[in-house]
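Have the model open as you read.

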Amino acid sequence: MNYPQTAQKIIAHIGGKENILSLFHCITRLRFLLHDHDKVDRAALEALDGVIGVNISGDQYQLIIGNEVAPLCEALLAQLPGVSSSASSSKRRNPVSVVLEGLSSIFSPIIPAIAGAGILKGVLALMVAMQWLQTSNQTYQILLAISDGVFYFMPLALAFSAGNKFGANPYVAVALAATLFHPAIQTLFKSGVPVSFLGLPVPTVNYASTVIPILLAVWLLSRVEKLIDRIMPGVLKTMFVPLLSLVIVAPITLMVIGPLGIFAGNALSGGIIWLVENMGIVAGVVVGGTLSMIIITGMHYVLVPIMINNISTMGFDPFKILFYVANLGQAGAAFGVFIRARDKKLKSLALSTSFSAMMGITEPAMYGVNIRYKRPFAAALLGGAIGGGFAMAMGVKTYAFALSGLPGLPALVGPTFLWAVVSIALSFVSAAVLTVILGFEEKVVAGVSPVKIAREEERLFAPVSGTLKPLNTLSDPVFADEIFGKGLAIDPSNGELRSPVNGKVESLFETHHALALESDTGAEILIHIGIDTVKLGGKHFTSHIEAGQNVEVGDLLVSFDLAALRAEGIDPSVIVVVTNSEQYGDISPVKTDGDVASRDAFLTLTASAA
């Protein structure tokens with residue numbers, strides 16, 4: 001790559017020097033903060049030799065480069081005098097972006113719990129509808145408690161997650177939420193007489209299953225905690241900061257924030273109901289056809305608390321079905337690529353990502369296939385519009401919160417179940433048919449060097465102890481879509497990263513969260529600790545190596561504070577990718593799931609045939 005020339009083209013296509021606020025890089029991507037994203041010529045950037053892909057995350061405009069990211073970043077900065085090269089920028093952040101990022105960080109950790117419980121609620125509804133189980137049965141009552149517990153005590157789960165996000169003590173946040181459910185409070189609210197605190201009226205509100213009140217309350221708690229912490233003498237902080245925070249914030253929550261939050265939640269729910277009742281098919285077509293683009297921006301997290309609130313208060317949500325049809329539209333488009341494609345590798349990728357999208361995980365299909373070939377993505381949007389219009393016309397409702405894919409079908413069980421299935425099928429089939437009709441160009445990526453062939457088999461050893469995770473389960477589409485190569489991830493149980501091979505350290509990122517190794521037999525390995533950990537600027541990471549150093553299996557490479565990463569709301573998955581995967585006949589895990597111990601063999605690299 002001619003770095004100065006490529007840098008010049010990137011600057012031109014990204015809107016010119018005056019559009020760039022700051023630029024920095026992680027081990028695989030250039031990360032720009034821009035004045036105006038609308039000035040970017042995305043298509044031209046994606047067509048540049050050396051640019052693997054483009055991704056927008058919050059305020060960041062990211063160019064996925066790969067191993068040559070560091071010298072290219074240097075060439076860019078050389079042509080951008082005065083542009084900051086720090087991850088932190090003086091740019092005033094878009095308030096909408098801040099809100100979306102906050103909602104995403106708060107809800108992401110609890111989605112597995114509410115999705116699992118939601119599926120169980122749907123299964124129970126199906127069993128009752130089929131008369132396989134009676135609601136008076138004790139087994140049903142216990143299963144109902146299992147399925148409904150997380151929804152009833154939703155403020156407790158959200159309090160902990162919001163505490164981590166807002167910087168409040170998460171355990172104090174839970175204590176605040178627990179106040180709302182204490183029997184003394186519940187008895188007062190159910191007594192039928194006016195309730196007051198220090199002579200001030202306390203509205204009687206049911207906080208079970210609510211979302212917005214506790215988010216507002218924990219945000220206030222974080223501010224009050226920090227204020228008290230600044231003025232409280234050090235020896236008294238442990239006792240009096242949480243004491244005063246609770247005594248101040250809990251009454252304000254009961255008297256003001258809680259009722260306002262309930263009002264806001266009801267108003268948002270009412271707005272959704274009005275939209276469905278008055279716009280009907282139009283709402284389904286517009287939202288169903290654009291929801292995939294909304295998901296890319298992260299704005300769909302605004303709807304999550306509304307949908308949960310609807311299900312909790314009304315017993316159903318009229319909008320959740322649009323997530324199903326949007327996801328099945330992506331699945332159908334990828335399946336259409338599988339039907340029409342001639343290249344065997346593309347057919348395999350399209351089929352596998354279509355299946356994952358049907359399961360409710362759309363990123364591999366969306367980023368790896370549909371957006372890359374453009375017309376399939378348009379077909380997916382049209383499929384979502386068709387399915388969404390039909391769903392709204394038939395008044396489809398969702399009765400539990402679950403993953404928006406085939407595993408979440410039990411959440412749709414109810415009077416409109418048949419129409420829900422038809423709307424999903426319409427979205428999938430129409431997207432697949434439109435993809436086949438519209439077609440797409442199977443491009444050969446320019447500038448790719450002839451592939452070397454590995455002649456030796458090799459085994460990689462687990463760099464950390466923990467639980468195995470396939471790459472396609474990761475939230476980062478670049479790793480999930482195997483853009484940099486095949487590999488495996490581990491949810492770590494400790495903070496010691498050790499060498500998986502005998503070889504040499506090719507590069508170590510300055511924040512120590514990522515590094516590249518080359519084994520003695522030629523395997524090129526990228527190890528990345530956590531998702532989006534570059535934003536920490538090296539905090540919580542300590543390197544024990546340097547670039548060019550020889551290492552052996554089991555040598556300590558990097559230590560990291562696992563508890564601190566989790567407290568920051570970061571997915572700490574240790575990602576191991578073989579970046580020269582194309583040189584091997586096959587790359588396969590020794591086992592696909594379960595726990596693995598550090599230095600256990602966990603990936604087999606099979607040599608290519610002669």
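Setting aside neighbours within four places in sequence, Leu158 is in contact (heavy atoms within 4.5 Å) with Ile106, Phe107, Ile110, Thr210, Val211, Ile214 and Leu215. This is a predicted model, where local features need pLDDT of at least 70 and side-chain atom pairs count only at pLDDT 80 or more, while totals for chains, interfaces and linings use all residues. Residues are numbered from 1 along each chain as its sequence is written, and side-chain values use heavy atoms, with hydrogens and water left out.

Leu158 also belongs to the largest nonpolar core, which has 74 residues; Leu158, Phe107 and Ile321 touch the most other members. Such a core is a set of buried Ala, Val, Leu, Ile, Met, Phe, Trp, Tyr and Cys residues joined through side-chain atoms within 4.5 Å. Helix α14 (residues 321-340) gives the most to this core, nine residues; helices are DSSP runs of H or I, at least four residues, numbered from the N terminus. A second, separate core has 34 residues, among them Leu460 and Val574.

Ser423 touches Ile321 as well, along with Val325, Gly387, Phe390 and Ala391, not counting residues up to four places away in sequence. Ser423 sits in helix α18 (residues 417-438), and Val247 in helix α11 (residues 237-279). Here is how the two score, with buried meaning under 20% relative accessible area and exposed over 50% (1.4 Å probe, protein chains only):

| Residue | Relative accessibility | Class |
|---|---|---|
| Ser423 | 0% | buried |
| Val247 | 51% | exposed |

Val247 is also part of a nonpolar surface patch of about 550 Å², together with Leu243, Leu244, Ile248, Ile252, Val256 and Leu260. Patch residues have over 30% relative accessible area and no salt bridge, with like charges joined within 9 Å and nonpolar side chains (Val, Leu, Ile, Met, Phe, Trp, Tyr) within 5 Å; a salt bridge is a Lys or Arg side-chain nitrogen within 4 Å of an Asp or Glu carboxyl oxygen.

Methods: Helices (H or I, at least four residues) and strands (E, at least two) are DSSP runs, numbered from the N terminus. Accessible areas come from the Shrake-Rupley method with a 1.4 Å probe; for residues, only the protein chains shown count as cover.
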